[in-house]
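This report covers the sheet, one of its residues, a surface patch and the salt bridges of a single chain. The sequence and structure come first.

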Amino acid sequence: MKERIGVISAILENPKGSQYEFNKIVSEYKRIIKGRMGIPFDEEDISVISITVVGTLDEINSLTGKLGNLHECIVKTSISKKELDI
């Protein structure tokens, strides 16, 4: 199956309330995750997270969908048009 490179960006508007579930979901997809960067904005009570993934469209969309269903979590994804033979 063809894979693509993608970037998932997430904003947690209440990190204390959603961070545990967020990390639990992300750990379920560790096979496709190649990098992760998080920046906390403690004074604003917001966290910004960027996750680089390599996987099939189904895998990337599944991860994005689960994260997007979390309360106070805004998620956007960019996926490359180029398909990889991995």
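## Surroundings of V75

V75 touches I8, S9, A10, T64, L67 and G68, leaving aside residues up to four places away in sequence. The model is predicted. V75 sits in strand β4. With a relative accessible area of 15%, V75 falls under the 20% cut-off and is therefore buried. N61 lies 14 residues from V75 in sequence, and the two C-alpha atoms are 11 Å apart.

## Sheet and helix

Four strands form an open sheet in the order β2-β3-β1-β4, and the pairing is antiparallel. The edge strands, each pairing on one side only, are β2 (33–41) and β4 (73–79). From one strand to the next the twist averages 15°.

Strand β1 (residues 4–12) pairs with β4 in the antiparallel sense over seven bridges. I8 has T77 in β4 as its bridge partner. Helix α2 (residues 57–68) lies across β1, β3 (46–55) and β4, and runs at about 165° to β4.

## Nonpolar surface patch

I11, M37, I39, F41, V48 and I74 make a nonpolar surface patch of about 470 Å². Strand β2 gives the largest share of this patch, three residues. I39 is found in β2 and is partly exposed, with a relative accessible area of 37%.

## Salt bridges

The count of salt bridges comes to five.

| Pair | Distance, N to O |
|---|---|
| D85 and K2 | 2.5 Å |
| K66 and E28 | 3.8 Å |
| E59 and R31 | 2.5 Å |

The salt bridge between D85 and K2 links distant parts of the chain: D85 is in the segment after β4 and K2 in the segment before β1, 83 residues apart. D85 is exposed, with a relative accessible area of 67%, whereas K2 is partly exposed at 41%.

K66 and E28 form a salt bridge that links helix α2, which holds K66, with helix α1 (residues 15–28), which holds E28; the two residues are 38 apart. K66 is partly exposed, with a relative accessible area of 36%.

E59 forms a salt bridge with R31. Because E59 lies in helix α2 and R31 in the loop between α1 and β2, this pair ties together parts that are 28 residues apart in sequence. E59 is partly exposed, with a relative accessible area of 22%, and R31 is exposed at 51%.

Methods: Residues numbered from 1 in each chain as written. Predicted model: local features only at pLDDT ≥ 70, side-chain atom pairs only at ≥ 80, totals over all residues. Heavy atoms only, no water. Pairing = 2+ DSSP bridges. Axes fitted to C-alpha atoms, helices over the stretch in contact; angles between N-to-C directions. Contact = heavy atoms within 4.5 Å. Buried < 20%, exposed > 50% of the residue type's maximum accessible area, 1.4 Å probe, protein only. Patch = residues over 30% accessible without salt bridge, like charges linked within 9 Å, V, L, I, M, F, W, Y side chains within 5 Å. Areas by Shrake-Rupley, 256 points an atom, 1.4 Å probe, with all protein chains shown as cover. Salt bridge = Lys/Arg side-chain N within 4 Å of Asp/Glu carboxyl O.
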